[in-house]
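Please keep the sequence and the model in view while reading.

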Amino acid sequence: MREEQPIVAVTPNTLVGEVKTLCDQGWRLVQIGVTSLGELFEVNYSFDRDQHFLNLRLQIPAAGASLPSISGLYWCAFLYENEIHDLFDVTFDGLALDFKGTLYKTAQPFPFANRARAGVSTTVVQPV
Amino acid sequence: MSLFSMTGLVMKWLLRKPYTSRYPFEPRQPLPGSRGTLVVSLTDCTYCSLCAKRCPTQAIEVNRAAKHWNIDRLRCITCNCCVETCPKKCLSMQTAHGIPTVTKDREVFA
Amino acid sequence: MATRTVIPFGPQHPVLPEPIHLDLVVEDEKVVEAIPSIGFIHRGLERLVEKKDFTEFVFVAERICGICSFIHSQSYCQGIETIMGLEVPRRAHYLRTIWGELSRIHSHLLWLGLMADGMGFESLFMHAWRVRERVLNIIESTTGGRVIFGSCKVGGVRRDIDEPAMQSLLAALVETERETREIVQVFLNDSTVKHRLCGVGKLSREDAYKLGCVGPTLRASGWAQDTRKLGYAAFYELTFQPITRTEGDCYARVAVRCDEIFQSIDLIRQAAAKIPAGEIAVKVVGNPNGEYFVRTEQPRGEVIYYLKGNGTKNLQRFRVRTPTFANIPALVKTLQGCNLADVPLLILTIDPCISCTER
């Protein structure tokens with residue numbers, strides 16, 4: 001059974017305004033996720049109210065992108081935004097609690113970002 | 001406010017045999033239907049390699065030309081996929097756990 | 001002004017089931033601030049979709065977490081089935097529901113044991129896990145594995161529960177219910193337990209909603225929010241109401257989870273009575289092309305899966321937001337102002353499952 005999952009397109013400039021409207025209407029933040037589409041990143045903000053599901057989606061360039069943080073409106077967003085910064089190298093302006101890249105300490109910095117993807121090796125590590 | 005709500009439980013179990021079993025002196029009887037270890041009997045094997053292709057962890061290695069069949073026991077997650085796929089029914093799952101091993105080598109059957 | 005000290009908590013700590021690190025800023029005995037730090041068990045599982053094809057990935061999804069493993073595989077399979085438009089047989093839906101609720105019972109009993117252990121109540125911890133053993137035996141005899149079930153696949157389930165097995169499952173549940181009532185009455189009535197839990201870690205109703213809490217943590221603060229009410233799997237044919245409490249403290253969260261065990265036993269009985277005969281799986285043809293968000297209710301709360309396929313046998317994106325990830329901001333908020341001695345219990349009340357959090 002397929003649930004209705006409307007997706008509203010936003011831009012980085014209109015993002016905070018849209019999120020403020022949803023916050024005032026009583027929607028709760030469910031998750032913030034990023035999908036890599038080659039040259040672009042697709043950032044998806046999911047909200048829920050009374051079992052209704054809504055997404056705000058925007059696209060930003062993959063290299064050196066920055067977005068306004070919504071942690072002023074939804075404090076819990078700090079965790080999602082820090083994770084996205086550590087994995088995808090997207091900077092967020094105005095983070096309520098900024099870990100400055102130390103949330104996930106990975107061997108390769110920004111492991112999910114495109115430049116890491118270009119050099120992904122396909123050799124499978126053999127057990128010794 | 002109840003100060004002795006646990007007493008009933010404690011007294012009941014004080015007078016009973018302990019629930020914990022004396023493993024390893026009494027080995028645990030596995031339940032029927034449990035997935036313990038893979039049992040291999042290659043008498044009818046045609047080396048079609050379907051089991052190796054379906055294995056999600058690449059634990060099974062089959063070489064059709066050289067007629068080799070080996071399995072890395074430590075990679076096997078006993079998912080039962082190979083047992084379901086084998087057309088000649090050479091593979092089966094037994095309920096008892098495999099014996100612990102101290103080396104990381106493949107178990108060669110052919 | 002009192003001097004502030006920073007005390008590091010974790011990642012190795014006797015009460016923690018999994019590694020999480022918190023820097024606690026304390027003034028004398030009161031915690032003023034807590035800064036969480038996760039990432040100790042990050043395995044990058046989201047990128048593994050590029051290597052494993054979508055039917056094999058169920059096994060990886062199951063192993064994101066040991067305690068909530070079945071519902072991970074169920075959510076993954078539901079997502080792929082919705083994207084591909086597969087019609088899963090009703091019997092498979094019922095079997096998944098039964099195993100999902102068994103998974104919830106075992107998870108809550110495990111957690112109750114950990115709560116007792118966190119308080120130092122070792123004997124109650126052992127009794128809770130003793131009751132859990134019977135549930136694990138039911139799971140082992142029906143699926144083959146005690147913790148990692150391996151019974152869900154894209155298109156349905158891999159094993160059936162026939163009539164004799166269902167009867168012995170229900171008989172074992174009668175025993176489990178009786179034994180659970182014995183330990184739950186200690187959790188809810190014992191004066192030492194109440195002394196440790198009542199009034200500790202209060203999360204107000206507004207805070208719980210604004211901070212994005214999910215699951216029993218949210219329901220203990222008065223919100224009747226349960227993702228099972230969306231009606232996935234067989235839940236659209238079963239009747240139940242979300243269990244809520246209004247106090248919002250640790251005691252309320254313990255009480256919500258205790259009541260949920262009995263609710264799950266009741267749901268299994270309803271499902272066993274209504275389960276239809278029929279097939280247990282459909283054949284999967286083709287590759288997934290499209291995207292979908294799956295929302296299901298894990299023992300710890302709402303889990304959301306984002307799956308995107310592009311027509312090849314490897315998915316393009318696999319994103320999981322697990323309930324503990326959503327509960328960590330609430331944890332940080334409840335820790336502010338608590339006593340240092342209450343910190344382990346507060347961390348345990350959100351039921352932290354850190355391997356889910358940082359797949």
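The model is predicted. In chain C, three strands form an open sheet in the order β6-β7-β8, with antiparallel pairing.

**The sheet**

- The edges of the sheet are held by β6 (289-298) and β8 (315-321) of chain C; each has a single partner strand, so one side of each is left without a neighbour in the sheet.
- On average, neighbouring strands of this sheet are turned by 10° against each other, direction ignored.
- Strand β7 of chain C covers residues 301-310 and is joined to β8(C) by six bridges, the two strands running antiparallel.
- Opposite C:Lys308 stands C:Arg317, a residue of β8(C).

**Helices on the sheet**

- Helix α2 of chain C, residues 69-84, packs on the sheet and touches β6 and β7 of chain C.
- The direction of α2 makes about 150° with that of β6(C).
- Helix α10 of chain C, residues 323-335, lies across β6, β7 and β8 of chain C and runs at about 130° to β7(C).

**Helix α2 in detail**

- The 16 residues of α2(C) should span 22 Å at 1.5 Å a residue, and the distance of 23 Å between its end C-alpha atoms agrees with this.
- Of the 16 residues of α2(C), 15 are buried, so the helix is mostly covered, where buried means that 20 or more other C-beta atoms lie within 10 Å of a residue's own.

Terms used:
Residues are numbered from 1 along each chain as its sequence is written. Chains are lettered from A and ligands numbered from 1 in the order in which they are written. This is a predicted model: local features need pLDDT of at least 70, side-chain atom pairs count only at pLDDT 80 or more; totals for chains, interfaces and linings use all residues. Two strands pair if DSSP finds at least two bridges between them. Helices (H or I, at least four residues) and strands (E, at least two) are DSSP runs, numbered from the N terminus. Axes are lines fitted to C-alpha atoms, for helices over the stretch in contact, and angles run from 0 to 180 degrees between N-to-C directions. Two residues are in contact if their C-beta atoms, placed from the backbone, lie within 7 Å. The expected span of a helix is 1.5 Å times one less than its number of residues. A residue is buried if 20 or more other C-beta atoms lie within 10 Å of its own, exposed if 12 or fewer, and partly exposed in between; C-beta atoms are placed from the backbone.
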